[in-house]
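Good morning, colleagues. Please look first at the sequence and the structure.

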Amino acid sequence: MEDVTDTVFRRIVRMAGPPDLLVTEFTSTDGLCTAGRPRVIGRLRYTTEERPLIAQIWGNKPAYYRRVAAEVREMGFDGLDINMGCPVRKIIERGSCGALIRNPALAADLIAAAREGAAGLPVSVKTRIGVTESRAEEWLGFLLAQGIAALTVHGRTVVQQSEGFADWDAVALAVRLRDETAPHTRIVGNGDVRTIESFHRRAEETRADGIMIGRGIFENLFLFRAIRGGSGTHDFALLSPEEKVSWFRRHIALHEETWGHAERFDVLKKFAKTYLRAFEGAGRLVDAIMRTRTHEAACAALDSWAAERGVLMHR
Ligand SMILES: Cc1cc2nc3c(=O)[nH]c(=O)nc-3n(C[C@H](O)[C@H](O)[C@H](O)COP(=O)(O)O)c2cc1C
């Protein structure tokens with residue numbers, strides 16, 4: 001997820017309770033192959049503890065896909081995923097991501113180019129079910145004919161953006177089509193899974209091989225631990241305020257160590273709400289964090305919160 005699953009947050013998520021696979025932010029193949037490279041290459045930065053890790057790319061030029069896929073393999077990623085679902089208008093207008101649903105010929109060329117460059121590294125696709133209306137059967141069937149390792153289906157159309165509810169019947173349909181025509185492709189369902197109960201319900205209803213969770217992690221950082229039934233608390237909201245602040249401090253420290261002072265501080269601030277929630281004064285503390293502009297200032301805001309409460313915080 002853009003501005004979310006960078007190398008820092010992926011490590012936090014693994015510490016909190018690991019999923020089976022993590023995926024990078026989507027990364028522009030145009031960016032990687034042109035002068036814009038320094039601005040985007042950080043999206044592919046990772047440490048080995050994040051693996052297995054999939055690199056997600058987007059763009060509309062097969063030659064760039066070939067080149068980037070080879071690079072992703074050399075960088076040691078465990079797979080390459082192609083974004084064919086992002087609904088951002090600027091991107092759609094350039095014929096990339098969600099727009100590929102209306103351009104199957106180019107979609108097929110991009111997949112073929114990626115597979116060529118990836119030279120054996122698994123290549124997968126993440127997509128939606130249509131542009132203005134669902135064309136799940138035709139589009140998912142087409143993608144399944146391309147010999148991809150996995151297909152992630154987010155059960156919304158492009159114009160729906162994040163509105164309404166994800167259509168999980170489309171995930172079940174993808175599983176059936178796969179059973180009939182592409183037995184080697186794994187199906188991953190995605191959309192609105194935020195609890196252990198919905199995880200299990202969707203898995204059972206659809207028989208999908210995997211469930212992808214995006215926004216649910218903001219609501220419960222321990223969601224993957226909960227799903228695995230691992231030891232420790234399964235609900236981040238039940239931690240003490242001090243423990244929640246400690247998790248946020250860990251994120252701030254890793255962020256500073258990784259990105260230094262200049263980059264991505266505004267992105268870091270957006271995480272305040274993930275950690276500082278469900279306790280008295282959490283809202284005020286989030287507001288205080290939002291007013292900061294440096295790692296030191298953010299830590300100082302947490303220190304003064306702790307001093308007010310008369311607690312000594314672990315650093
Ligand atoms: C802030 C944000 C950034 C996202 N960035 C990406 C991305 O880079 N690549 C991608 O495939 N999907 C991206 N998505 C979409 C999610 O992966 C997911 O498909 C969607 O949010 C529905 O699943 P969820 O309900 O589990 O979040 C993003 C979503 C959000 C909210």
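Helices α12 and α16 are roughly antiparallel to each other, because their axes cross at an angle that falls in that class (over 145 degrees). The angle is roughly 170 degrees, and the axes come within 10 Å. Axes here are lines fitted to C-alpha atoms over the stretch in contact, with angles from 0 to 180 degrees between N-to-C directions. Helices are DSSP runs of H or I, at least four residues, numbered from the N terminus.

This is a predicted model: local features need pLDDT of at least 70, side-chain atom pairs count only at pLDDT 80 or more, and totals for chains, interfaces and linings use all residues. Residues are numbered from 1 along each chain as its sequence is written.

Which residues of α12 and α16 meet? Val245, Arg249, Ile252 and Glu256 in α12 meet His295, Ala298, Cys299 and Leu302 in α16, contact being C-beta atoms, placed from the backbone, within 7 Å.

Helix α12 (residues 241-259) also packs with α1 (residues 7-16); these axes come within 9 Å and cross at roughly 145 degrees. On the α1 side the contact is made by Thr7, Val8, Arg11 and Ile12, and on the α12 side by Arg250, His251, Leu254, His255 and Thr258.

Thank you for your attention.

Notes. Helix = DSSP H or I, 4+ residues; strand = E, 2+ residues; numbered from the N terminus. Contact = placed C-beta atoms within 7 Å. Parallel < 35°, antiparallel > 145°, perpendicular 65-115°, else oblique.
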